[in-house]
Amino acid sequence: MDAKKSLSLELRKANADLSLLYNIIEDIAGEIDLQRLSEKIAKEVKRRLNAEAVFLMLIDAEGLSLELIASEAIKIPKVTRIPITGIIKETFDSPSLHFGRLKIGSEVFASSLCVPLIIQEKPIGMIAICNKEAKGFTDGDKRVIQNIALVGSIIRHAVENAKLYKNLQTTYFQTLQVIGKTLESKSRYTQQHSEHVAEYAVLIVKKIKEKKELEESMIDKIRVVAQLHDIGKIGVNDFIVNKPCCLCEEEWKVMKEHPVKGYENIKPLDFIDEDVKLGIRHHHENFNGKGYPDGLIGEKIPLLARIMRVADSFDAMIFPRPYHPKTQTKEEAIEELKQHINEWYDPQIVEAFVEGLKEEGVIQ
Ligand SMILES: [Fe+2]
Ligand SMILES: [Fe+2]
């Protein structure tokens, strides 16, 4: 190749590199949400490198494992945490590009390129570009990767911003939890209610999981639903919450607004899963469609909400409440749940709950 041709080729490559830089920056600029930012980066990198999978991972707060923030792959591995071993450890020990075999969950990628993300000389995470087959990366790929490393400082900056934003959201979430606790302590009848409900609800999820495929994350999700299900009562007057009986029509109307209010409280939190938000919104829907707020029917009611309906009622029956100071035994409460299957409760959920309680030796 003569000098002129080679120079023209170099110029073309340089031009392509610049346009890549420009596009990535343009794409991610202004993105403040960590999740969306990470997804954009993963998508862009996968598209440009024509790789089978791209993963973006950040080191967790304890620095012990990586959290999978975004993945672009045909089959998304069912993991959220990845141990810092093998090529991941190598990439962090000497922060530069590392090439080798990478295992994410049960998926093994024979050729993977790991690019560390570094803030103030400290690795905070990495991007992994992966292929199943043991094939190398071309010079062109490497140039793209170098560019990714080049725009790294921008990505890092954006991630830092996004992290700050996430911290803000976390603080808001923690505040909600504290408010939830305060709410419980305000009512002498509902102290520790959400903890009990969480226990029962987790038991139900585990039982269902034995019979049908259910994401592992459902356990964490139901815990959050249980913790926050009545958060919407924040706005309801103490007098109504603690009223011994017979709410008048107007009071009842106010009380019935709490699922929607709770949903509105957590709606702005991007890092809370939509399943959790819907679990809170629909925790008073009845299986026959006559519940509130939306009158959803049967399996149209989100699973987490159907589970909550059962766990929440059970705890309400066995612990004194303003409207029924006399409690029921666990056996009596189970009988009552059974009497109202298909009406208020999903029969499959009640069945799973009864099985779970029997196995735990809570009931005979
Ligand atoms: Fe409620
Ligand atoms: Fe409740």
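Reader: I have found Phe109 in the picture. Is Phe109 buried or exposed?

Author: Good place to start! This is a predicted model, and in it Phe109 has 24 C-beta neighbours inside 10 Å, so Phe109 counts as buried. The cut-off for buried is 20 or more.

Reader: Where does Phe109 lie, and which residues does Phe109 touch?

Author: Phe109 belongs to strand 5, which covers residues 107-119. Leaving out residues up to four places away in sequence, Phe109 touches Ala53, Arg101, Leu102, Cys130, Asn131 and Lys132. Take Cys130: 21 residues separate it from Phe109 along the chain, yet their C-alpha atoms are 5.9 Å apart.

Reader: And what about Asn342: buried or exposed?

Author: Asn342 counts as exposed, because 12 C-beta neighbours lie inside 10 Å. You will find Asn342 in the loop between helix 13 and helix 14. Asn342 also has a positive phi, about 70°, although it is not a glycine.

Reader: Thanks! How do I read a nonpolar core?

Author: The general idea is that in soluble globular proteins, nonpolar side chains tend to be buried together. Here the largest nonpolar core has 39 residues, and Ala201, Ile204, Val225, Ile307, Val310 and Ala311 have the most contacts inside it. Among the elements that give two or more residues to this core are helix 6 (193-211), helix 12 (303-318) and helix 14 (347-359).

Reader: Which residues is Ile204 in contact with, leaving aside its neighbours within four places in sequence?

Author: Ile204 is in contact with Ile307, Val310, Ala311, Ile349, Ala352, Phe353 and Gly356. Another core, of 30 residues, lies apart from the largest one; Ile41, Ala42, Ile88 and Val115 are among its members.

Reader: How do I describe two packed helices?

Author: Two packed helices are described by the angle between their axes and the distance between the axes. Helix 10 makes the contact through Pro259, Val260, Gly262, Tyr263 and Ile266, and helix 11 through Lys277, Ile280 and Arg281. Of these residues, 5 are nonpolar, 1 is polar and 2 are charged.

Reader: One last thing: how should I use pLDDT?

Author: Where pLDDT is low, the predicted coordinates should not be read in detail. The protein averages 79, with 70% of the residues scoring at least 70.

Conventions: Residues numbered from 1 in each chain as written. Chains lettered and ligands numbered in written order. Predicted model: local features only at pLDDT ≥ 70, side-chain atom pairs only at ≥ 80, totals over all residues. Contact = placed C-beta atoms within 7 Å. Helix = DSSP H or I, 4+ residues; strand = E, 2+ residues; numbered from the N terminus. Nonpolar A, V, L, I, M, F, W, Y, C, P; charged D, E, K, R; others polar. Core = buried A, V, L, I, M, F, W, Y, C linked by C-beta atoms within 7 Å. pLDDT = per-residue confidence, 0-100.
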